[in-house]
Amino acid sequence: MAPANLPKTDVVVIGLGAAGGLAVLPLARAGLKIVGLEAGGWFRPADHQPDEIRNNVRHWPHAVQKANQEIPTARHGRNGPPLPRPPYHPMMNGVGGTSLHYWGQSWRLTEWDFKVRSETIRRYGASAIPEGSTLEDWPVSYEELEPYYDRVEYAIGVSGKAGNVQGTIDKSGNIFESRRQREYPMPAMRGAGFADLMAKAAKRLGWHPYAPPAAINSVPYDRRTACFYHGFCGSGGCPVNAKNSTAVTTIPQAIATANLKVVPYAHVIAIEADAHGRVTGARYLSDKKEYFQPASVVLLAGYTYENTRVLLLSKSKSYPRGLSNNHGQVGLHYMSHTRNGVMGLFPFDLNRWYGTPAQGTSLDDWADDNFDHAGLGFIGGGNLLVPMEEKPIEAASMSTFGRARRWGSSWKAFVKENAARWAPVWTQISTFPFEDHFLDLDPEVKDPLGYPVCRLTVDLKESEKSAMRFMQEKAEQWLLEAGSIAIDKLPLAPIGLSTHAYGGTRMGHDPETNVVDAWGFSHEAPNLGILGASTMGTSGARNPTLTVQALAWRTADHLIKKWKSIAE
Amino acid sequence: MVCAFVPASALRFARTATPEVLTPQERRCLQAMVSRIIPADANGPGALEAGCAVYIESALRDAYRSQKPGYGAGLAALDFCANARQGKAFAELNVGEQDQILSEFERNTGVGEYADGAAFFEMVRRHILEGMFGDPSYGGNANFAGWDLIGYPGPRMYVSPDLQGLDAVIPRSRVTAEQLVHGSR
């Protein structure tokens, strides 16, 4: 049966999460007519409950969703066996996407992140580039992206303390951040006893702690309340709309212009292209009926895994190997952050029960190129973070630090004494692309519609393990300085699905090695833009969302300025 | 030691769901295991008294339906081991004998033909922790026994700065998520 044709629109945005839900605002303000296709529905504040089983154990926001029907598979090499498939997709569908329940951490990357290749060669020589890496400098500099970081911070609302306003260093902020044009729109999230304890310990070590920036209201902002610090923020949506997901910020503002039509429960299955290689719109299922939404411009804004998958599934005469894949670059240059941390046990209660994980203490002394890497065997480094918010199941699931068995009366006595006395230091290292790390379609595993799911081929490189071990030593040093009496380092985890996944549609000047250009538009299909961390060429040592959003705004801005040449 | 008082809210789920996913034999075996993972002792009610067996059986009806075969096989393996050694069901062994078998499951040793002893042990332990320390509306954590054990002061909507101090004395909220959101007690 032929799909039902809908009236043509200027722009169809596929996915209304952190990226697509942000880009719709500048587009709508510019007067373009937008249709936003979102696989999930609307969530209400009351859907977000202070319930650890619902949010964190059973992943209720993810339940019975498109994403959960198409969980990617993973393997550690071309000939590796499939790894166990987790029961939940790391991301969710819904108007606002995973920005509904993310930690809200809203870091910028630094100048270094955008030119790692040339800076590394300049400082350490070409041999310092990890073997087999396909690392390139970004086609965008920090300076070019800075105005968009600024716009996003003010549009959604980010709480933080600047460390470098127009070159003036302020030690109460992050002294390692790159130059910014002005202060954050809201002060940093408030301190807490444990976060302050860790900040003091870092200072005694000569390090430079700061309160991490968060897309959470530290004070009332944009007619929404300040954070209640109730302690169910991680993987939980906000019941009082103090977390600045696109669902409560940019999407409603775009709807208010009357230029955005949100279509929830729209399951996009392909992007169509004509004989000239231009895209013509998106084909989607809604309530088991198929529709075709024609558009002058298509913006693909799914999560990293889905962006690659939709392109590879969208085959046509112009693109027999998948949309925008005539150079064979779709799916390549894949990388991700991997959960890595160190647990510390203290001889006193830390009172981390409440707050939010974005409230805490962070430091960048061992991130990026902020220290000499000569002889270390890796480039980059990691951000260190101690978060607040410890929910009770997680607290009781603590490491026993080799001091007790894991059940029975002795364990019960151990957790009675210690469940409130431990804390993690999390670290995220800069990750780089390698020629043998990529995404493609799984040859066997399919979703319920019969379409192959995405497959990851990725492992930890020796350079990454070295960086992770280095960061674990720094985390241990920090915890011991703060008074820890026992340390448990997490094993360097097998890499798999990640909430911080990058690449697959990399951004760069050269069409031979990149899918999109410096503006986020396809090198092959001129009216196809791609939003999301799938365009990022390096991960940075911090959470990706703010950079994804700054890039999305920049792509939208470019489209507005070049509308005639792109759309017509 | 048994809880003297269990709030109606904690029992509501169990009453309406009347779980009958497990056979009586399986249920006795699960209850015995639950009572050994977190026993009742001088530190308060154990997992059985807190309703963790009810929590698990309720979950196996819906959210954990797919894990029912794993429970069936694992519980049968516990009984098989108990029978092979003592000629009795696992639930009828003394606690020392029960702990010995559970230790072997945990280490994946001595469980004969049953290869997944450790996986079964870890799954049940994880579910017991969910029941013990999760929201009481799911059938466990009766009378907030789990939260009292580890000193979790309970969910509250608004947390003032003084409640986040290192030495803060925090009153127990003693509400479930639902009671907190809907304001009923």
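**A helix crossing in chain B**

Tutor: Helix 2 of chain B and helix 3 of chain B make a right-handed crossing (the near helix is turned clockwise from the far one by less than a right angle; helices are DSSP runs of H or I, at least four residues, numbered from the N terminus). The model is predicted, so local features need pLDDT of at least 70 and side-chain atom pairs count only at 80 or more, while totals for chains, interfaces and linings use all residues. Residues are numbered from 1 along each chain as written, with chains lettered from A and ligands numbered from 1 in written order.

Start with residues 24-37 of chain B, which form helix 2, and residues 52-61, which form helix 3. Their axes (lines fitted to C-alpha atoms over the stretch in contact) lie 9 Å apart, at an angle of about 130° (on a scale of 0 to 180 degrees between N-to-C directions).

Now find the contact (C-beta atoms, placed from the backbone, within 7 Å). Helix 2 of chain B brings Arg27(B), Leu30(B), Gln31(B) and Val34(B); Cys52(B), Ala53(B), Ile56(B) and Glu57(B) come from helix 3 of chain B. By class, this contact has five nonpolar residues (Ala, Val, Leu, Ile, Met, Phe, Trp, Tyr, Cys, Pro), two charged (Asp, Glu, Lys, Arg) and one polar (the others, Gly among them).

Beyond this crossing, chain B also meets chain A: 36 residues of chain B are in contact with 35 residues of chain A.

Definitions and conventions. Two residues are in contact if their C-beta atoms, placed from the backbone, lie within 7 Å. Helices (H or I, at least four residues) and strands (E, at least two) are DSSP runs, numbered from the N terminus.
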